[in-house]
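Please look over this structure before reading on.

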Amino acid sequence: MKLTIAICTWNREALLGQALASIHQASAPQNSDWEIIVVNNNCTDGTDAVVHQFIERLPIRLVHEPKPGLSNARNAAIDNALGDYIIWTDDDVIVGKGWIVEYERAFTRWPEAGIFGGSIIPRFEAESPAWLPSALPYVDAAFATRDVNSSMVSMTPTELPYGANFAVRTQEQRHFRYNTELGTRPGKLIITDEETVVMRAILAEGGSGRWVPSAAVDHWIPRARQTITYLRAYYKGQGWMHGKNLKGDHPKATSNRFWMLWLGAAIRELRYRIYRVTRGPGKWVPAMKSAAFAWGKVAAGK
């Protein structure tokens with residue numbers, strides 16, 4: 001068996017160096033060959049130099065994908081992967097000591113499964129804003145938080161891994177590529193969930209997934225993401241995807257529904273503004289999330 005670890009990156013040279021250092025410090029696979037593919041997604045910083053620093057320490061290869069967008073970079077990794085399984089992670093994580101080995105064991109233990117996923121533990125830069133700790137349960141998806149425990153075994157379409165820590169058997173991954181309309185990219189909207197769509201498609205075709213609680217990563221959350229501005233952009237992006245029917249679980253907005261969507265968003269926005277000055281974070285943060293999602297659907301209906 002051969003394993004591919006894939007990291008797609010865009011202008012995060014410092015974080016990428018930390019991620020690669022953590023992989024270097026992790027236990028290597030015990031019974032498998034392995035490789036690391038770093039996809040430079042049109043970076044303008046020192047990404048290539050960082051990768052070259054690890055050439056002598058890791059079985060690493062550098063791939064360039066000039067088309068902006070995470071899905072383009074993921075598809076480039078698929079095209080270049082030599083492994084029987086692709087373990088996906090991000091450039092802003094620190095992997096656990098046993099991360100690779102635990103995935104390797106899971107692949108052997110559950111050969112029928114095509115999807116695997118582990119825990120993602122948020123690590124917030126400095127002290128979080130006062131409102132965030134109590135509101136975190138309502139917005140944990142925006143930080144890709146995933147607490148996998150021993151009771152979680154088989155995956156379902158409504159509870160799937162996040163992009164910072166999951167694996168797909170290459171056979172299925174080559175059949176189900178990433179939708180280039182999805183995935184983070186330069187722009188005002190935060191478009192995500194390209195991996196969720198792929199995993200749901202695999203499950204819909206009769207595939208199965210397994211959780212790997214012991215395969216954990218720490219996920220860096222900078223100050224810039226600990227803001228209402230970021231959260232509104234994230235949930236507006238979620239609404240846009242639903243409005244465009246890119247996730248397959250909401251109808252696409254049509255022109256004759258546009259003004260109804262706009263009115264609904266305006267009402268939700270007003271509720272958020274009122275709650276912001278009259279209620280605690282447990283009320284106004286969900287209201288903000290609902291308003292942002294509604295504005296995203298309006299943007300999709302234009």
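The points below go from the whole chain to single side-chain pairs.

1. This is a predicted model. The chain has 10 helices and 10 strands. Its radius of gyration is 20 Å, close to the 19 Å that the globule rule gives for 302 residues, so the chain is as compact as a globular protein of that length. The C-alpha trace spans about 60 × 45 × 40 Å along its principal axes.

2. Of the 302 residues, 52% are buried. The accessible surface is about 13,800 Å². Carbon and sulfur atoms account for 53% of that surface.

3. The chain carries 35 positive and 29 negative charges, and their mean positions lie 10 Å apart. The structure holds 13 salt bridges.

4. One of them joins arginine 12 to aspartate 91, with the closest N and O atoms 2.8 Å apart. Arginine 12 sits in the loop between strand 1 (2-9) and helix 1 (13-25), and aspartate 91 in the loop between strand 4 (85-90) and strand 5 (93-95), so the pair ties together parts 79 residues apart in sequence. Arginine 12 is partly exposed at 26%, while aspartate 91 is buried at 3%. A salt-bridge network links Arg12, Asp91 and Asp92.

5. Glutamate 102 and arginine 105 form a salt bridge at 2.9 Å, N to O. Both lie in helix 4 (residues 99-109), 3 residues apart, about one turn of the helix. Glutamate 102 is buried, with a relative accessible area of 19%; arginine 105 is partly exposed at 44%.

Conventions. Residues numbered from 1 in each chain as written. Predicted model: local features only at pLDDT ≥ 70, side-chain atom pairs only at ≥ 80, totals over all residues. Heavy atoms only, no water. Helix = DSSP H or I, 4+ residues; strand = E, 2+ residues; numbered from the N terminus. Rg over C-alpha atoms; globule rule 2.2 N^0.38 Å. Buried < 20%, exposed > 50% of the residue type's maximum accessible area, 1.4 Å probe, protein only. Areas by Shrake-Rupley, 256 points an atom, 1.4 Å probe, with all protein chains shown as cover. Lys, Arg positive; Asp, Glu negative; His and termini not counted. Charge placed at Lys NZ, Arg CZ, Asp CG, Glu CD. Salt bridge = Lys/Arg side-chain N within 4 Å of Asp/Glu carboxyl O.
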